[in-house]
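Got your viewer open and a selection tool handy? Let's take a short walk through this one.

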Amino acid sequence: FGTGVAFELVYRRAGTLEYRVAAGAALAGALFLVWTNLAVGIIGSEDNPANMMYFGVLAVLFFGALLALLRPQGMARALFATAIAHTIVTIVALVIMPWSLDAIKTLALNAFFIALWTASGILFLRAASSPKSEA
């Protein structure tokens, strides 16, 4: 519900398609990260305390968006910082996990999120450089 309300607010504020898609991707990624992490866990099971590191990734996204005041250029920086934070968490996770099929699954899932944060950041950059259009 909260993600839907946030998207509706952002959608009304956004002037470009790039901004709307970037915001939607970021919000969907955050929702999916929380959902996955709480349901089954990303690092091992949901009971593994190492999974708490992902809430730090979301904190980077949240506070970055607040500092950016949802402006496209600042949001791009926030999403790139989120991708970097997620990369650091991934490296830590792979260091603490024994190398197995679970480690490969963890790497693949984290790569998906890192790509999502990066793509969203690129779309915010495009939104910052495109002229404002009325929807």
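How many aromatic pairs does the count come to, if rings of Phe, Tyr and Trp (its six-membered ring) pair when their centres lie within 6.5 Å? The count comes to six aromatic pairs.

Before clicking on: this is a predicted model, where local features need pLDDT of at least 70, side-chain atom pairs count only at pLDDT 80 or more, and totals for chains, interfaces and linings use all residues. Residues are numbered from 1 along each chain as its sequence is written, and side-chain values use heavy atoms, with hydrogens and water left out.

Select Tyr19 and Phe124. Their rings sit 5.0 Å centre to centre with 80° between the planes, an edge-to-face pair (stacked is under 30 degrees, edge-to-face over 60, tilted the rest). Tyr19 lies in helix α2 and Phe124 in helix α5 (residues 101-129), so the pair ties together parts 105 residues apart in sequence. Tyr19 is buried at 5% relative accessible area, and Phe124 is buried at 1% (buried is under 20%, exposed over 50%, partly exposed in between; 1.4 Å probe, protein chains only).

Next, pick Phe32 and Phe112: centres 6.1 Å apart, planes at 90°, so edge-to-face. Phe32 counts as partly exposed at 36%, and Phe112 likewise counts as partly exposed at 44%.

Finally, show helix α2 (residues 17-39) with helix α3 (residues 53-68): they pack at about 160°, axes 10 Å apart (axes are lines fitted to C-alpha atoms over the stretch in contact, and angles run from 0 to 180 degrees between N-to-C directions; helices are DSSP runs of H or I, at least four residues, numbered from the N terminus). α2 and α3 are therefore roughly antiparallel (over 145 degrees).

Key
Helices (H or I, at least four residues) and strands (E, at least two) are DSSP runs, numbered from the N terminus. Angles under 35 degrees count as roughly parallel, over 145 as roughly antiparallel, 65 to 115 as roughly perpendicular and the rest as oblique.
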